[in-house]
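Dear colleague,

I am passing on the structure we spoke of, with the sequence alongside, and below it you will find notes on what turned up when I went through it.

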Amino acid sequence: MEVLAPHQFAAVLPLLPSARDAGHLAMAHAVIAGTMPGHVLADHAERPRSAIVLNHNGFHTAFGEVPDEPIAPLIGILTLGRVSPESGLLIDVSGHWAARLRGILPGACSRDEYHAPAGPPPARRLPPGHALVPLTAAIARRFEGAVDPWVVRIWGGPEAFAEKSFGFAVLSDTGALASFCTTLAIGGGEAEVEIGTSEAFKRQGLAYAAGCAFMAECQARGLVPAWTTRADNLPSQRLAASLGYRRFRSVACFALNRSEPLTA
């Protein structure tokens with residue numbers, strides 16, 4: 001497979017499944033559209049049948065047919081210092097790659113993908129003293145040391161996060177970041193959901209409140225929220241169900257080591 005030049009990225013679009021059939025597609029669409037940094041590998045620049053999109057946020061997608069060439073050298077490229085600044089996953093969104101990859105890559109796992117409901121569920125009252133607010137650069141700076149700081153980092157820092165992404169936070173009565181819901185990528189009409197709660201504030205319905213607000217904002221922007229989670233993440237599965245998401249399939253994925261960005 002070869003690394004495509006940015007003007008060639010769109011050649012792999014026909015290989016992507018529809019959003020109705022697959023999740024995690026915002027990750028690939030964002031790179032192909034040039035709204036997030038990353039690279040595209042394909043077996044042929046003009047008439048590809050196989051492709052891998054490497055998103056610098058650490059979530060990479062393999063789709064199309066498995067190439068005829070040996071897979072081991074390709075995996076060497078992906079794992080030995082040339083993928084992403086973030087630790088990541090290679091996700092088989094088309095269902096064709098897993099059988100070949102299982103014998104080569106360690107760390108095989110499974111993720112569940114969900115379809116979003118037509119609209120957000122009914123909002124619930126927050127505990128006294130808590131406030132639901134849009135995410136800003138100032139609030140994004142509070143992620144460090146609270147919950148999931150990599151969510152801000154993958155967008156390029158707090159200012160870039162506030163400019164390019166969107167979401168909501170629940171602040172405690174002391175102003176601490178208690179919970180949030182935002183997006184890891186926007187593309188192809190989808191917003192990939194990331195949601196979390198600081199340990200001290202769990203089991204109070206805060207993530208539900210942030211998730212409701214995020215879903216309403218997605219609806220206002222004409223985006224579909226895309227929920228995916230590890231198959232063994234029961235709290236995430238329960239939260240998804242409470243927000244009205246419906247599980248529709250599981251996909252295979254494979255852990256990739258932290259490494260440096262690929263240079264074309």
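Let me begin with a glycine: once its neighbours within four places in sequence are set aside, G244 is in contact with H115 and P117. Please keep in mind throughout that this is a predicted model. G244 belongs to the loop between α8 and β12, and its C-alpha lies 6.8 Å from that of A116, although the two residues are 128 apart in sequence. With a relative accessibility of 36%, G244 counts as partly exposed, since that class covers what falls between under 20% for buried and over 50% for exposed.

The sheet

The strands form an open sheet of twelve with mixed pairing, and their order is β1-β2-β3-β4-β5-β12-β6-β11-β10-β9-β8-β7. β1 (2-3) and β7 (131-134) stand at its edges, where each has a single partner strand, so that one side of each is left without a neighbour in the sheet.

Strand β6, residues 108-115, pairs on one hand with β12 (residues 246-256), the two running antiparallel and joined by eight bridges, and on the other with β11 (residues 224-230), again in the antiparallel sense, over four bridges. R111 in particular can be followed to both partners, for its bridge partner in β12 is V251, while in β11 it stands opposite R230. Y114, for its part, stands opposite W227 in β11.

Strand β5 (residues 88-92) is mostly covered, five of its five residues being buried. Which residues of β5 lie on one side and which on the other? G88, L90 and D92 are on one side and L89 and I91 on the other, and all are buried, so that both faces of the strand are covered. As background, the side chains of a regular strand alternate between the two faces of the sheet. The pairing of β5 is of both kinds: four bridges join it to β4 in parallel, with I91 as the bridge partner of T61, and four bridges join it to β12, antiparallel, with L89 opposite A255.

Helices on the sheet

Helix α1 (residues 25-33) lies across β2 (38-42), β3 (50-55), β4 (59-64), β9 (177-187) and β10 (190-197), and runs at about 55 degrees to β9. Helix α7 (residues 206-221) also packs on the sheet, where it touches β7, β8 (167-171), β9, β10 and β11, and its direction makes about 30 degrees with that of β9.

The length of α7 can be checked: at 1.5 Å a residue its 16 residues should span 22 Å, and the C-alpha atoms at its ends are 23 Å apart, which agrees. The buried residues of α7 are L206, A207, Y208, A209, A210, G211, C212, A213, F214, M215 and C218, and they pack against β7, β8, β9, β10 and β11 as well as α8 (234-242). The helix is followed by G222, which has a positive phi, near 75 degrees.

Buried or exposed, where do they fall? H24 is buried, with a relative accessible area of 0%, whereas R203 is exposed, at 77%.

The nonpolar cores

The largest nonpolar core has 41 residues, and those with the most contacts inside it are V12 and V40. Its largest share, seven residues, comes from α1. Not counting residues up to four places away in sequence, V12 touches L4, I32, V40, A42, P48, A51 and F63. Apart from this core lies another, of 27 residues, among them Y114, F168, A240 and L243. In soluble globular proteins, nonpolar side chains tend to be buried together.

With best regards

Key
Residues numbered from 1 in each chain as written. Predicted model: local features only at pLDDT ≥ 70, side-chain atom pairs only at ≥ 80, totals over all residues. Heavy atoms only, no water. Pairing = 2+ DSSP bridges. Contact = heavy atoms within 4.5 Å. Axes fitted to C-alpha atoms, helices over the stretch in contact; angles between N-to-C directions. Expected span 1.5 Å × (residues − 1). Buried < 20%, exposed > 50% of the residue type's maximum accessible area, 1.4 Å probe, protein only. Core = buried A, V, L, I, M, F, W, Y, C linked by side-chain atoms within 4.5 Å.
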